Amino acid sequence: MRGGRAGDRLLHLYTWLIILWLSSPIAVMILFGFNDKRSKSNTTWQGFTLRWYAELFDISDLTTALANSLKIAVASTVITVVIGTMLGLALGRHRFRGSGVTNFLVFAAISTPELVMGASLLSLFVSGNVPRDSVTIIVAHVLFSLSFVVVTVRARVVTLDPSLEEAARDLGAGAWATFRLVTLPSIMPAVLAGGMLSFALSIDDYVVTSFVNGSTVTFPLWIVGAVKTGIPAQVNVMGTLLFGAGVLIAVGNAVAARRRS
Amino acid sequence: MTGLSAIELADVVKEYHSHGEVVQAVKGVTLGIGEGEFFSLLGPSGCGKTTTMRMIAGFEAPTKGVVKLYGQDVTDVPPNKRDVNMVFQSYALFPHMSVWDNVAFGLKQRKVAQAEIRRRVGEMLEIIGLTGREKRMPRALSGGQQQRVALARALVNQPRALLLDEPLGALDLKLRQAMQIELKRIQREVGITFVYVTHDQSEALTMSDRIAVMNDGVVEQLAGPREIYERPATAFVAGFIGTSNLLAGAATGGEMKVGGGRVLVPGHDGDVTVTVRPEKITIGTDEPAQGLSAVKGTVSEVVYLGTYNSYAVSLADGAEITVFQQNAHDATATAERGDSVWLSWQAQHSYVIGS
Ligand SMILES: Nc1ncnc2c1ncn2[C@@H]1O[C@H](COP(=O)(O)OP(=O)(O)OP(=O)(O)O)[C@@H](O)[C@H]1O
Ligand SMILES: [Mg+2]
């Protein structure tokens with residue numbers, strides 16, 4: 001099968017090109033975190049250094065912005081996961097008055113452009129006289145990531161055998177014990193996936209955050225602000241570390257999944 | 001039965017509301033199940049067996065009526081506070097727990113001491129023959145093994161009654177028959193009341209002490225297997241349990257004229273319906289003696305079935321009668337297709353089911 005082999009080779013080449021394309025921005029980000037740059041801009045390679053790792057927290061505004069982003073991401077993820085899991089369970093399990101409307105709103109929240117969501121949230125906060133700070137950012141982040149948790153959890157819930165929970169009740173478990181020992185472990189993969197998704201959505205959100213931040217500066221807002229004057233290499237390092245943490249979690253998840261089956 | 005009723009249902013009705021329509025799944029069931037009894041709910045799909053059992057377990061609240069366990073009204077008691085356990089058709093084993101944790105679940109919930117849990121779970125795994133597999137996850141077990149774990153998980157709590165909803169439905173025939181014997185053995189050993197839901201009549205007949213035959217939300221007959229088979233109370237029961245012939249007509253002086261012959265129905269007059277089991281009927285060419293029910297017909301079909309032959313015989317009035325005849329001595333059929341034959345049976349084998 002000569003033609004087949006040539007086709008195979010082409011397919012390989014194609015796959016590698018795609019991988020290269022997808023990973024090149026990440027590679028550039030990591031690489032330029034080691035760039036021994038002299039000028040303000042960080043666009044030409046000028047030699048290897050570990051300086052930026054040593055001076056990671058030397059720009060105090062940037063450090064504050066990153067800390068803000070992490071706090072906001074953790075808080076909004078926890079809130080989103082709790083509310084989203086409850087909503088996903090309810091929507092996947094029961095038909096109730098208003099479930100149709102809720103399903104529609106979940107979809108609407110996903111498909112609303114961020115600009116629209118940010119602008120309308122801002123006018124909502126302004127007309128309600130709500131001061132804008134990290135709390136309004138968290139509220140906004142919960143709002144746009146909630147639907148993703150709801151959708152992943154709901155998808156898992158509808159595949160669950162309802163007799164699992166009945167079996168737990170039958171064996172003497174109360175409502176809370178049933179949820180903790182049977183329901184939650186069964187939907188855990190979806191809950192975790194939803195949580196990671198909302199963390200990722202929160203930590204790099206620019207558009208919505210820029211409407212409702214008040215005077216609070218987050219990591220993405222700081223970077224955009226620094227574009228004109230030149231982005232310091234610490235940003236690359238922080239990005240690299242965030243990316244590395246994400247990879248670790250993903251690998252750990254895959255290993256755990258393999259061990260489970 | 002020991003006199004004491006383990007489970008009592010008094011005029012229990014269950015209605016479901018779906019799409020603005022009211023469905024009566026159970027339409028007034030009254031029955032008592034004795035302590036230590038192997039009791040079956042038997043009936044076709046959709047007759048309300050599962051609904052009845054779920055009301056005993058506490059998963060459904062009756063629309064009307066009372067459920068009692070050992071004389072105590074439990075109609076409003078939630079399932080986790082009822083001293084009965086259920087084996088689900090889908091087994092419902094907890095997929096994220098090992099065999100051991102599955103079986104120990106109920107005891108842990110009841111706060112039984114650790115040492116006691118270890119002893120009882122170990123014993124139970126031995127009874128069901130899964131010792132050495134306690135660390136396995138449910139999905140690493142065969143269907144039959146999962147079935148046993150489901151059984152063990154319920155039995156280890158020593159409930160006052162075990163409810164089984166078509167527990168063998170997902171197994172193949174061989175395993176099914178082996179598990180029937182196994183279930184019966186376990187029930188004898190532990191002495192617990194079993195309530196068994198099935199739509200398989202042979203399963204119900206071989207395993208049960210008593211059977212409630214259900215149809216369309218009501219109990220048509222409640223009796224032992226032999227009585228249900230020999231003396232079906234209604235045309236539905238006669239038709240549902242085994243093969244059965246129905247003959248209808250007008251009786252005068254305890255005799256019904258039918259198909260160029262007579263069916264003896266001592267003590268009955270007027271319009272009657274009679275059932276007679278195919279294996280009670282003798283097929284022959286000579287006119288039967290007086291004192292037997294006898295009808296005349298033409299053989300329309302002969303089917304060889306190994307241990308017996310099955311004949312379909314058409315009577316003059318169009319009715320069709322099925323006859324089973326054992327292949328006792330030689331394999332040749334008594335009659336061929338198209339033969340004119342006499343069918344006869346003793347008066348006691350015609351069972352009048354309402355007039
Ligand atoms: N939750 C429900 N909502 C609406 N109707 C229901 C519900 N559960 C059962 N029914 C209806 O009640 C009737 C009895 O159902 P049930 O499950 O008790 O039957 P079954 O005898 O167990 O049948 P099968 O042998 O198929 O399991 C059926 O007509 C069914 O459609
Ligand atoms: Mg059923």
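How much space lies in the largest pocket? About 670 Å³ lies there, in a predicted model where local features need pLDDT of at least 70, side-chain atom pairs count only at pLDDT 80 or more, and totals for chains, interfaces and linings use all residues. Residues are numbered from 1 along each chain as its sequence is written, chains are lettered from A and ligands numbered from 1 in the order written, and side-chain values use heavy atoms, with hydrogens and water left out.

**Largest pocket**
- A pocket is an open set of points on a 1 Å grid over the protein atoms alone, where a 1.4 Å probe fits, with protein on both sides within 12 Å along at least five of seven lines; lining residues have an atom within 4 Å of a point.
- Of the 24 lining residues, those closest to the centre are Phe199(A), Ala200(A), Ile203(A), Leu242(A) and Gly246(A).
- Helix 8 of chain A (175–203) is among the helices that each supply at least two lining residues, and helix 8 gives the most, with 8 residues; helices here are DSSP runs (H or I, at least four residues).

**Interface of chain A and chain B**
- The contact (heavy atoms within 4.5 Å) takes 19 residues from chain A and 24 residues from chain B.
- The two chains bury about 1700 Å² between them, 59% of it on carbon and sulfur atoms, buried area being the accessible area (1.4 Å probe) lost on being put together, summed over both.
- In chain A, Glu166(A), Asp170(A) and Leu171(A) lose the most area to chain B, together 40% of what that side buries.
- Glu166(A) also forms a salt bridge with Arg54(B), the closest N and O atoms being 2.8 Å apart, where the rule asks for a side-chain nitrogen of Lys or Arg within 4 Å of a carboxyl oxygen of Asp or Glu.

Notes
Points joined across faces, edges and corners; volume = space filled by probe spheres on them.
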